[in-house]
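Let's take a walk through a protein together. Have a look at the sequence and the structure first, and then we'll go through some parts of the fold.

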Amino acid sequence: MSSSQVQPDARPASGAAVAPRRYLVQTFGCQMNVHDSRRIEEVLGAAGYTPTDDAEVADLIVVNTCSVREKAEHKLMSLLGKLNPAYGAPDRRIVVAGCVAQQEGEALLKKAPHIDLVLGPDNIPELPQLLEQAEAGAPPRARTVFDDEDPRFLRARPKGGAEVTSFVTVMKGCDERCTFCIVPTTRGSERYRPADDIVGEIAQMVEGGVREVTLLGQTVNSWFDPSTVDENKPRSKRAPSRSEFADLLRRIAREVPDLARLRYTSPHPRHLSPELIDAHAELELLPKHLHLPVQSGADSMLRRMSRRYTRQEYLDRVRALQERVPGLTLSTDLIVGFPGETDEEFEATLSLVREAGFVAAFCFKYSPRPSTPALAMGDDIPEAVKSERLQRLFDVLAVQQRAHLDALVGQRAKVLVEGPNDASVSRYTGRSERHEIIHLEAPEGVDPTGQIVEVEIVRSFKHSLLGRMAGATIPEKPTPRPRRKLTVLSEGA
Ligand code: SF4
């Protein structure tokens, strides 16, 4: 990890008024990065920058990076190649933020000398000041310091009724140290946000028109309130004996009654406690769906991955949850080709997928990452075997997802409408109480955005459903929505 100090008094060389500077933020990776990109946009907006979708006219490009897989890093290097000022725009500033920035620090400046600033996730609030220093002639630098002693959680600002769903961070970092995962290196150790601050932000978002909040954290359900711990204890001994996450969910439900739905990601199976299961059974605003990463179905692999639960413990916990919340669906994360994965271990993963009845999963081929314990285990599963196992997983999951979606046709669902469908003028898209994507036809002249509406499911697609609100008809051929042409840099990872 590397860093350099912020120079406190650097200012632009002249006090003359300057034209607004335009920025573009390109985001790779997970929801945490999407959330961080919003904070980057907000600090830039407060500093007088204006957004643009057009890379050609941007004075500043911020690439918010992901390093969970090697492929995402390759995409970054290829993108940085395209942004080399030798190919035009010599005055454009380039900032690399996010996990690759934190992981590589100053080494990234050596690999791509046209970068002006390498910025760690905890240093986002300093971005305007660091840009000012760059404008004043400061050399390229890396600022990648964790805020361990005084954790900062930037508050999201409501977008004036323009947003139905939003993220709110409750903790950051991870102490689990799964052997394949780079997150403890790129996001640091666990830091928790006080309940008052979390509830205050959610209330503000709801007042600004948000209907659904997703609580974010690398192990979100390990949360406890840091304002109630004994600060005289060493950091490693401050966590209470049990997670207080269920208490947080109850408090949000009680104190923000206008919030329609409350989700969270990503939970760790070992913190799916009896108290959290009770909260799911009691609180109506929690979804009838849980995304609970399992990674493998073989105990031997779970041990090598250092996941700290067994297959049976995972299954027992989700069964207990499903008994209390009938109809609750599950999705998960899975890795194939982890070092030493035998045919039997892979078959155990396939059988877990069937036994748990996952309706969706993010499945990945193992990718060796720097600074992880698994690096020393080698990467001994041939690419062709990884591809074949991945395809077999996809095939099983596709059958399960299809059967699940088909079974919903003819049923009713409560859909939180998130906004107009991208492709069709009269169609809207939302999520059911179980988190299925539902496209719905609304009656003419009715815009149900932000409302929870009851729909009848009339058709299933590969990954989504089509529903009809009372009074609406389903046209043979939906009228296409005119497309806005954007010049962005590339697709996300
Ligand atoms: S729980 Fe494991 S996989 Fe998840 S962020 Fe922490 S180390 Fe990574």
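To sort residues by class, count Ala, Val, Leu, Ile, Met, Phe, Trp, Tyr, Cys and Pro as nonpolar, Asp, Glu, Lys and Arg as charged, and the others, Gly among them, as polar. Keep in mind that what you're looking at is a predicted model.

Now try those classes on the ligand. Around the ligand you'll find C174, E176, R177, C178, C181, V183, P184, Q218, T219 and H268. Sorted by class, this shell comes out as five nonpolar, three polar and two charged residues.

Let's stay with R177 for a moment. R177 sits in the loop between β8 (171-172) and α6 (183-187), and its phi is near 60°, a positive value in a residue that isn't glycine. That's worth a second look, because most residues other than glycine have a negative phi. Is R177 buried, exposed or partly exposed? It counts as partly exposed, because it has 13 C-beta neighbours inside 10 Å.

You'll find Q295 in the loop between β12 (289-291) and α10 (299-304). Q295 is buried, because 21 other C-beta atoms lie within 10 Å, and the cut-off for buried is 20 or more.

Next up is a sheet. Three strands form an open sheet in the order β7-β10-β11, and their pairing is parallel. β7 (165-169) and β11 (261-265) stand at the edges with a single partner strand each, so one side of each has no neighbour in the sheet. From one strand to the next, the twist averages 25°. Zoom in on β7 and β10 (residues 212-216): these two run parallel and are joined by five bridges. For instance, S166 has V213 in β10 as its bridge partner. Lying across β7 and β10 is helix α7 (residues 195-207), which runs at about 165° to β7.

T265 and S266 are joined by a cis peptide bond, with omega about -5°, and S266 belongs to the loop between β11 and α9 (274-282). Most peptide bonds are trans.

Finally, zoom out. The chain is divided into domain 1 (22-143), domain 2 (153-287), domain 3 (294-408) and domain 4 (410-469). How far apart are the centres of domain 1 and domain 4? Taken over C-alpha atoms, 37 Å separate them.

Note on methods
Residues numbered from 1 in each chain as written. Predicted model: local features only at pLDDT ≥ 70, side-chain atom pairs only at ≥ 80, totals over all residues. Domains from an automatic or database assignment. Near = placed C-beta within 6 Å. Pairing = 2+ DSSP bridges. Helix = DSSP H or I, 4+ residues; strand = E, 2+ residues; numbered from the N terminus. Axes fitted to C-alpha atoms, helices over the stretch in contact; angles between N-to-C directions. Contact = placed C-beta atoms within 7 Å. Buried ≥ 20, exposed ≤ 12 C-beta atoms within 10 Å, placed from the backbone.
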